[in-house]
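I opened a new page for this protein and wrote down what I looked up, in order.

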Amino acid sequence: GDILDDYSRTDGVWVLTRNKQFYETNNEKECAAKCEAERNFTCRAFLFTRKKLQCLTLAENTKMTVAFTSTDTVLYEKIIYLMQCKRGIGTDYRGTEAKTQRGIPCQKWAEKIPHKPNYTPEKYPNAGLEENYCRNPDADERGPWCYTADPATRFDYCAIPECEDQCMQCNGEDYRGEVSRTESGLECQHWDVQEPHMHGFILKHYPEKDLKMNYCRNPDGELRPWCFTTNPNKRWEYCNIPRCTTPPPVPGLDSQCLSGKGEDYRGRIAITESGNACQHWNMQFPHKHGWIPDRYPCKGLEENYCRNPDGEKKPWCYTTNSNIRWEYCTIPPCDRTEQGISGMNNVPVQAPPTEECYRGKGQSYRGTASVTASGKKCQAWSSMFPHRHLKTPDRFPDADLRDNYCRNPDGDSSPWCFTTDPNTIWEYCNLKRCDDHTQE
């Protein structure tokens, strides 16, 4: 792979550092090579200035020192020194934990008091025996350890959590491992190429989804990580990623009220804003749906409580009224002040004014309707679930393909959308044509 794949990149940042070396280089890759070859200290990061083509190798990273803004600078940090977790038995663990599992401070590896060490930085220069950080220089099966500062305890193991890039929590939305084959053994297509399959998952439009190389990912809320395949006859396939044994993260304290879009809401309101009772998530009557609690273990789909598992505007539920498939719920906001502040911050991207009708073919329609003519909920344009498609915001930048609002990006006869019903790909929206005599 690329030498820069081992680094985390941050634009416009400088770090305050004592140990550094200056080099003249032509690009970031040459600077990374200088960092790899550095012998004056352990190189944990490097700074590259684009205009001066200047390279600074650094002994410190943002975990160890202060960072501040610098316009023309790019900071590259070695990922291994940012990780606070261990992979396998942790022989490559380079985190900064410096106490044992019982809370006893570690003795510095270079010191001989209170214990004379068998493992020293001189004897094991590649084992990362710095300061008094927990390490595993002898490949102990129980993981990283250290000599302790307690004269009565020569050494003890450290409580280093397992990295979760080898397994997945929830539906694997945060999976960052390097599996690059599908469950049937097909090689994954690189995310930054459009052959053999064209797609809208481009790194610059999904910067937080880590669409690196051809690694399996879950950028669109699928059941588990997947990838496009290099087989022209098989567009995409799931990957076989094991589920982590550690429990998934617990929702925050704000989850009893509405914060943001309410994706972490875990309260017990079970009635829609028009007064309809909510249908239980584990039932398929009166409405069939794909949000089955066992498939989505971290979405909080308990009982019939209002939830927001798909990034909607706010929590919603299917209703027990057979004529109304779903509706939003009214959830009290967590904090009036927070709502006010977030409102101020979001001024440039306000929701468009409500429009109840469209003119012509509706290509200029910018309302917030998101229900089809038969009452089905619209799928978000940036989502590929339950339907994969090419009508993405980056392909149609002028069509305002925001959220899951009804639009007409392709000159159809009226606004439409893909639906969240797996059995219905798309439908026209529940909108009327404006009266031609209405004043613009």
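This is a predicted model: local features need pLDDT of at least 70, side-chain atom pairs count only at pLDDT 80 or more; totals for chains, interfaces and linings use all residues.

The entries below go from confidence to the sheet, then to domains and disulfides.

**Ground rules.** I count residues from 1 along each chain as its sequence is written, and my side-chain values use heavy atoms, with hydrogens and water left out.

**Confidence.** I looked up pLDDT, the predictor's confidence in each residue, from 0 to 100. The protein averages 85, and 91% of the residues score at least 70. Where is confidence lowest? I found the lowest mean, 36, in helix α3 (residues 336–345), and the highest, 96, in strand β6 (residues 145–147). Helices (H or I, at least four residues) and strands (E, at least two) are DSSP runs, numbered from the N terminus. I marked residues 336–354, where pLDDT stays under 50 and the model has 17 contacts beyond four places in sequence; contact means heavy atoms within 4.5 Å. I also marked residues 436–440, again under 50, with three such contacts.

**The sheet.** In which order do the five strands lie? I read β1-β5-β3-β4-β2, an open sheet with antiparallel pairing; two strands pair if DSSP finds at least two bridges between them. On average, neighbouring strands are turned by 25° against each other, direction ignored. Ala-45 has Glu-77 in β5 as its bridge partner. Helix α1 (residues 28–37) packs on the sheet and touches β1, β2, β3, β4 (54–58) and β5. The direction of α1 makes about 150° with that of β3; axes are lines fitted to C-alpha atoms, for helices over the stretch in contact, and angles run from 0 to 180 degrees between N-to-C directions.

**Domains.** I noted domain 1 (7–81), domain 2 (252–334) and domain 3 (356–435), with bounds from an automatic or database domain assignment. The C-alpha centres of domain 1 and domain 3 lie 46 Å apart.

**Disulfides.** How many disulfides does the structure hold? I noted twelve, a disulfide being a pair of cysteine sulfur atoms within 2.5 Å. Cys-35 and Cys-43 form one, with sulfur atoms 2.0 Å apart. Their link is left-handed, with -110° about the S-S bond.
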